[in-house]
Amino acid sequence: MDLILDTLMFVGNSAVDVLPIVIFLFAFQKFVIGGQIPNFKRILVGFGFVIVGLGLFLEGLEQTLFPLGRLMAQQLTNPEFLHATRITVVGALGWQDYHWVYLFAAAVGFSTTLAEPALMAVAIKANSVSGGAIGIWGLRVAVAIGAGVGVSLGCYRIISGLPLQYFIAAGYLVVILQTTLAPKLIVPLAYDSGGVTTSTVTVPLITALGLGLAEAVPGRSPLLDGFGLVAFAALFPIISVLAYGQLAVLRQQVDLSDNEPDELQEDKDHAL
Amino acid sequence: MKKSLIALSHDALGSLRDLTPIVIVIGVFQVWVIKQPVSGFVSLIFGAVFVLLGLAFFIFGLRIALFPIGEGLAHSLAKKGSAFWLFAFAFALGFGTTIAEPALLAVAAEASEVAVDAGVIAATEEARSSYALGLRLVVALSVGVALLIGVMRIIANWSLPVMIISGYILVVLVTTIAPAEIVGVAYDSGGVTTSTVTVPLVTALGVGLASSLKGRNAMTDGFGLIAFASLTPILFVLLYGIILEWI
């Protein structure tokens with residue numbers, strides 16, 4: 001019974017979130033553009049699916065992944081657990097004693113990003129726009145790898161206490177370098193991938209991880225150091241998607257190594 | 001009808017595959033590393049079914065509602081040829097979808113705690129909620145501006161890498177003069193603005209606009225709006241922190 005009530009509440013909440021957007025879109029269509037929306041009924045049914053789908057999705061996450069993930073983040077950053085699994089022999093915990101945290105961060109960053117609905121939307125669109133050249137699955141795995149590496153490195157930053165902006169600045173230097181080398185087709189998509197990784201599924205879990213870590217590591221404040229993991233999860237997918245584009249080019253160059261140099265840019269785009 | 005059912009069950013199978021990695025990760029860590037029993041097995045199974053169905057429904061609805069309406073509006077606005085309404089639409093879409101974003105509400109509330117701790121604002125409920133509201137307004141404004149600039153870029157054919165990279169250089173420069181307690185919050189607010197409903201709409205807007213303009217490529221010109229929406233909140237929130245410190 002509680003389950004049914006909870007579900008209705010979540011669907012209701014999701015309706016409250018989505019309806020203003022729907023009303024805005026319909027009002028804009030009616031008053032600014034004029035005329036009926038094509039396939040009006042079909043679109044209404046679609047919005048119904050979006051609202052119910054998001055509601056069920058969030059309710060399900062709230063029942064399963066979020067409590068489990070938060071609990072695991074707490075357990076892995078628990079001083080008792082950290083001391084039991086330490087690698088260094090004496091003294092205070094070193095950065096390498098948090099090895100389970102890095103592994104968990106990478107695994108959670110990777111797997112939750114794969115399940116991120118916003119990323120699926122972008123991948124579906126990129127696949128259809130590129131005429132199938134960019135694979136839905138390939139793009140999503142590339143983004144997920146970036147998010148996993150990013151969250152893991154973000155945990156290292158919290159543990160080591162190094163300033164956030166150093167990592168961000170270094171990351172963007174790599175992005176600049178890759179932008180000049182990667183095929184032009186992939187660049188805008190790669191830049192967009194940063195923003196879409198951090199959404200419904202990923203953010204609550206990695207925020208819990210960040211806060212748990214900042215509480216557990218001596219000398220860190222949860223309020224000052226707990227933030228910043230989302231920024232890592234948003235930066236590294238840009239690098240991994242650009243790398244995905246570069247790899248596609250490399251693979252093609254190995255296949256046809258006798259191309260004229262002036263065809264290179266065109267080839268780069270074809271490789272995708 | 002039959003076709004829709006096939007599409008829906010196809011989406012459900014896809015969701016199953018998408019969620020498997022999470023189940024494996026949680027399972028492996030639970031069994032091998034943490035080694036503690038999990039309570040409430042029945043609610044876990046129910047929850048998993050909900051996640052699966054919810055994701056499938058969402059993806060289905062995305063294809064038949066969010067994408068077509070986003071692209072349809074972009075096409076009609078491009079055909080109408082009024083730059084004003086196009087810009088107004090982009091700004092309103094960004095501002096409107098962000099101000100009510102639940103993830104942003106959470107971040108704003110936490111950020112107000114940080115501000116109290118750092119002594120930027122008084123430790124009263126009123127000061128906190130006005131700080132949180134200010135932060136939400138700033139972030140919503142920044143996303144509106146982001147989509148506005150992004151749409152201008154598609155029309156004017158400016159270089160995306162040059163704009164985004166100079167944006168981030170600016171972010172790094174502003175960070176050096178911003179108060180320390182705002183930095184983490186600012187960098188995170190770039191990630192939370194782009195929600196599950198906004199992303200498909202914004203992507204459809206960009207791609208729809210680029211494909212209805214002559215001489216634009218949907219792939220190289222249509223994407224990039226989300227990149228702006230992740231960048232401007234960082235900059236605006238850093239500036240918000242600096243301005244609050246001055247007053």
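Buried area is the accessible area (1.4 Å probe) that two parts lose on being put together, summed over both. The model shown here is predicted: local features need pLDDT of at least 70, side-chain atom pairs count only at pLDDT 80 or more, and totals for chains, interfaces and linings use all residues. Residues are numbered from 1 along each chain as its sequence is written, chains are lettered from A and ligands numbered from 1 in the order in which they are written, and side-chain values use heavy atoms, with hydrogens and water left out.

**View 1. Chain B against chain A.** Together the two chains bury about 7,700 Å². Carbon and sulfur atoms carry 81% of that area. Phe29(B), Phe50(B) and Met219(B) supply 9% of the area that chain B buries against chain A, more than any other three residues. Contact (heavy atoms within 4.5 Å) joins 87 residues of chain B to 89 residues of chain A.

**View 2. A salt bridge across the interface.** A salt bridge is a side-chain nitrogen of Lys or Arg within 4 Å of a carboxyl oxygen of Asp or Glu. The rule finds two between chain B and chain A. On the side of chain B that touches chain A, helix 2 (residues 41-80) of chain B gives the largest share, 28 residues. Helices here are DSSP runs (H or I, at least four residues), numbered from the N terminus.

**View 3. Phe49(A) meets Phe60(B).** Rings of Phe, Tyr and Trp (its six-membered ring) pair if their centres lie within 6.5 Å; planes under 30 degrees apart count as stacked, over 60 as edge-to-face and the rest as tilted. Over all chains, the count comes to 16 aromatic pairs. The centres of Phe49(A) and Phe60(B) are 4.8 Å apart and their planes are at 70°, so this pair is edge-to-face. It crosses between chains, from helix 2 (residues 40-63) of chain A to helix 2 of chain B. Phe60(B) is buried, at 7% relative accessible area. Buried means under 20%, exposed over 50%, and partly exposed in between (1.4 Å probe, protein chains only).

**View 4. Phe91(B) and Phe95(B).** These two rings are stacked, 6.0 Å centre to centre, with 15° between the planes. Phe91(B) and Phe95(B) are separated by about one helical turn because they are four residues apart in helix 3 (residues 83-99) of chain B. Phe91(B) is partly exposed at 27%. Phe95(B) is partly exposed at 25%.

**View 5. An aromatic cluster.** Phe24(A), Phe28(A), Phe84(B), Trp85(B) and Phe89(B) form one aromatic cluster.

Terms used:
Helices (H or I, at least four residues) and strands (E, at least two) are DSSP runs, numbered from the N terminus.
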